[in-house]
Amino acid sequence: MPDMSPNVELEAITEEIRKLNARRTVLYAGIGEKLFSKAKAVQMFRSTVLEIGDIEVKLAAEQKALNAAKKASGQAVCTVCGTWIAQRAKFCSNCGAKVDEDCPL
Ligand SMILES: [Zn+2]
């Protein structure tokens with residue numbers, strides 16, 4: 001590692017820890033989703049499977065409510081990348097796609 005000031009080194013280490021934790025969480029989730037399908041099929045961990053099912057229903061409802069609230073506040077979704085964009089924007093701030101002016105959103 002090249003010479004770094006203490007703050008830069010601290011930030012670099014903190015960022016590396018953040019990245020490693022994030023990657024580990026993604027890997028755990030991948031294992032969890034595979035095991036969830038098997039557990040559901042053989043009726044193992046029934047209460048957990050039922051709770052996850054409830055959470056998925058609630059998440060879908062919350063996502064729908066969030067989408068409605070964003071739409072009501074004048075935001076729209078980029079049809080290319082799915083990023084929320086200001087309704088009067090001409091281009092998506094994420095991918096640069098031209099916003100369809102005929103889009104009802
Ligand atoms: Zn976009």
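This is a predicted model: local features need pLDDT of at least 70, side-chain atom pairs count only at pLDDT 80 or more; totals for chains, interfaces and linings use all residues.
Colleague: Where does Gln43 lie?

Modeller: In the loop between H1 and H2. Gln43 follows H1. Its phi is positive, about 55°, although Gln43 is not a glycine.

Colleague: What is phi at Phe45?

Modeller: Near 50°, again a positive value in a residue other than glycine. Phe45 also lies in the loop between H1 and H2.

Colleague: And how many C-beta neighbours does Phe45 have inside 10 Å?

Modeller: Phe45 has 15, so it counts as partly exposed.

Colleague: Back up a bit. What is the secondary structure of the protein chain?

Modeller: Two helices and two strands. From the N terminus on, the order is α-α-β-β.

Colleague: What share of the residues is buried?

Modeller: 4% of the 105 residues.

Colleague: And what share of the contacts comes from residues 24 or more positions apart?

Modeller: 9%, out of the contacts with a separation of 6 or more.

Colleague: Helices now. How many residues does H1 have?

Modeller: H1 has 36, covering residues 6-41. From first C-alpha to last, H1 reaches 52 Å, close to the 52 Å expected at 1.5 Å a residue.

Colleague: How many residues of H1 are buried?

Modeller: Zero of the 36, so H1 lies largely in the open.

Colleague: And H2, how far does that helix reach?

Modeller: H2 reaches 39 Å from its first C-alpha to its last, close to the 39 Å expected. H2 has 27 residues, 46-72. The number buried is zero, so H2 lies largely in the open.

Colleague: What comes after H2?

Modeller: H2 is followed by Gly74, with a positive phi near 95°.

Colleague: Switching to domains. Which bounds does the assignment give?

Modeller: Domain 1 is 1-42, domain 2 is 44-73 and domain 3 is 74-105.

Colleague: How far apart are the centres of domain 1 and domain 2?

Modeller: Their C-alpha centres lie 24 Å apart. The contact takes four residues from domain 1 and four residues from domain 2.

Colleague: What classes of residue are on the domain 1 side?

Modeller: The side of domain 1 that touches domain 2 has three nonpolar residues, one charged and no polar.

Colleague: Last topic, confidence. What is the mean pLDDT?

Modeller: 87 for the protein chain, with 92% of its residues at 70 or more.

Colleague: Which element has the lowest mean pLDDT?

Modeller: Strand S1, residues 75-77, at 83. H1 has the highest, 94.

Key. Residues are numbered from 1 along each chain as its sequence is written. Helices (H or I, at least four residues) and strands (E, at least two) are DSSP runs, numbered from the N terminus. A residue is buried if 20 or more other C-beta atoms lie within 10 Å of its own, exposed if 12 or fewer, and partly exposed in between; C-beta atoms are placed from the backbone. Two residues are in contact if their C-beta atoms, placed from the backbone, lie within 7 Å. Domain bounds come from an automatic or database domain assignment. Ala, Val, Leu, Ile, Met, Phe, Trp, Tyr, Cys and Pro count as nonpolar, Asp, Glu, Lys and Arg as charged, and the others, Gly among them, as polar. The expected span of a helix is 1.5 Å times one less than its number of residues. pLDDT is the predictor's confidence in each residue, from 0 to 100.
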